[in-house]
Amino acid sequence: MYLPWLATASAALSFSVHALYPLNELAKTPQMGWNNWNSFGCDVDEELLISATEKIIQYGLRDAGYQYIVLDDCWSNGRSSNGTLQANTTRFPSGMAEVADRIHNEGFKFGMYSSAGTYTCARYAGSLNYEHQDAQTFAGWGVDYLKYDNCYNEGQSGNPLITYDRYKKMSDALNSTGRQILYSMCNWGEDYPWKWAQTVANSWRMSGDIYDSFNRPDARCPCTGNEEYNCALPGFHCSAMNILNKVSHYIDKGVPHAWNDLDALEVGNGGMTDDEYKTHFTMWAAVKSALLMGNDMGRLSARDLSILNNPAIIALNQDPRGTSAVRVWRYDVDDVDRYGQGEIQMWSGQLSGGDYFVALLNAGNSSREMNAMADDIFYDDGEEGTSEESTMEWTIHDLWANRMPEDVAQALIDGNSTQASSLNVTSYYFNATETSYEDGLASNNTLLLGQPVGTLSAKVMITAEVPRHGIMAYRLRLAGWGLRKRDEL
Ligand code: GLA
């Protein structure tokens, strides 16, 4: 029997458990990339993809780790007389294989979209009953990633086995192509994919579609995630807090090679404040969601770039231990906004090398002082303060303190190389093309650790002023780390 809390409790054990079921060797850490849907919808063509790749390189985001360029719905022109899927030649005049080549030549991997239904959600040809033929077509084009949607599924859903069978068909078909294709299920959490998808997919969407709002309730996204675990109707127009609250009940189901996908990011799309986007990005990273940017790269602001490229936050997501943060507590507060929403949360979790993550999240309507008690931070290591960790001394590193300054981010966006070199832009983001996050963390790269801001002493707490809809996020490292050998501690 698989006991998720055991996997959380021991890195060594979790590796032996994972070794039993990964679908493939991909997504050892959550996949990172860009998907056009949140900002462009159906308005796609090859120029959009190529210009996005160029900007992603220029802004340093490819090197920060965003590796997959994922084309979403609306690329298709139906099937030819022998049933082969065809790309729309007006939108993709070079053909998909050529587009894939160009994306590969820029140092990226290429993602594609289809649906486990008769049609895609925008009513283009779907892959249900064409799984093998379509997988061969995708592999022939040089596709490295498939986002596989759930629309028009002919009623083949409603219990986990039916949905499992339908999604496994494409999983097997992709495997039989012999090409390594990351398989990203998109069935919105229907039939509880976190219970069974680890053996068939590299990630699964766990919610209806995200909406560019921090916490606005919407009748079309009926499950709130406040108390319930089951959600009969995933819906769409789900806010960032709605999705986070839903996933909080089963964050432990994401494991190396198989992750919860909270949907593509909204950072840069204009619907949230800077603090709200920081909260959204931090928590997507901390719960090990797939990290797909969803913005228009041509309209990215310096502030938003300095969220998406924060190495200390990405390092949480790409941590080799692969353990999600856990929501330790959540309280409603009276300080509600115009939607009647107001809550506060504390999250913590273990990172590689014995470090810990802690976040104080203020979804109340005004700035407030919050605190995280040592006994709560280390609760999973021993209840009610019985853990050894809660008696130790930790250095607190603020994960947003070294955010890229605005003029530096602007120099990257402007492509002004003289200014960029005088501002030394490359010293602000981590280059994962040169050094993996795993190696960077192992060598204590300071970009990944955040800025030391204080000490958490035995049994006390972290106190911070947290802005409205904002977050304070920390890495805790044993004080004196590096001075003593680990086994002496
Ligand atoms: C569904 C998916 C979205 C997007 C659209 C495309 O709604 O959940 O992420 O792919 O379809 O039509």
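Okay, let's start in the sheet: R330 stands opposite Q345 in strand 12. Strand 11 (326-332) and strand 12 (residues 343-350) run antiparallel, joined by 6 bridges. Strands here are DSSP E runs of at least two residues, helices are H or I runs of at least four, and both are numbered from the N terminus. Strands count as paired if DSSP finds at least two bridges between them.

Quick housekeeping before I go on. This is a predicted model, with pLDDT of at least 70 needed for local features and 80 or more for side-chain atom pairs, while totals for chains, interfaces and linings use all residues. Residues are numbered from 1 along each chain as its sequence is written, and side-chain values use heavy atoms, leaving out hydrogens and water.

Now, the cysteines. How many disulfides does the structure hold? It holds 4, a disulfide being a pair of cysteine sulfur atoms within 2.5 Å. Counting bonded cysteines along the chain, the pattern is 1-2, 3-4, 5-8, 6-7.

Take C121 and C151, with sulfur atoms 2.0 Å apart. The torsion about their S-S bond is about 95 degrees, so this disulfide is right-handed. C121 lies in the loop between strand 5 and helix 7, and C151 in the loop between strand 6 and helix 8, so the bond ties together parts 30 residues apart in sequence. C121 is partly exposed at 31%, whereas C151 is buried at 15%. Buried means under 20% relative accessible area, exposed over 50%, and partly exposed in between, using a 1.4 Å probe and protein chains only.

And C186? Its sulfur is 6.7 Å from the closest cysteine sulfur, in C121, which is too far for a bond. C186 is buried, at 1% relative accessibility.

Last topic, the aromatics. Rings of Phe, Tyr and Trp (its six-membered ring) pair if their centres lie within 6.5 Å; planes under 30 degrees apart are stacked, over 60 edge-to-face, and the rest tilted. By that rule there are 15 aromatic pairs. One of them is Y119 with Y152, edge-to-face at 5.3 Å centre to centre and 85 degrees between the planes. Y119 sits in the loop between strand 5 (109-115) and helix 7 (131-141), Y152 in the loop between strand 6 (145-149) and helix 8 (160-176), so the pair ties together parts 33 residues apart. R123 lies over the face of Y119, 4.4 Å from the ring centre. For that label, NZ of Lys or CZ of Arg must be within 6 Å of the ring centre and within 35 degrees of the ring normal.
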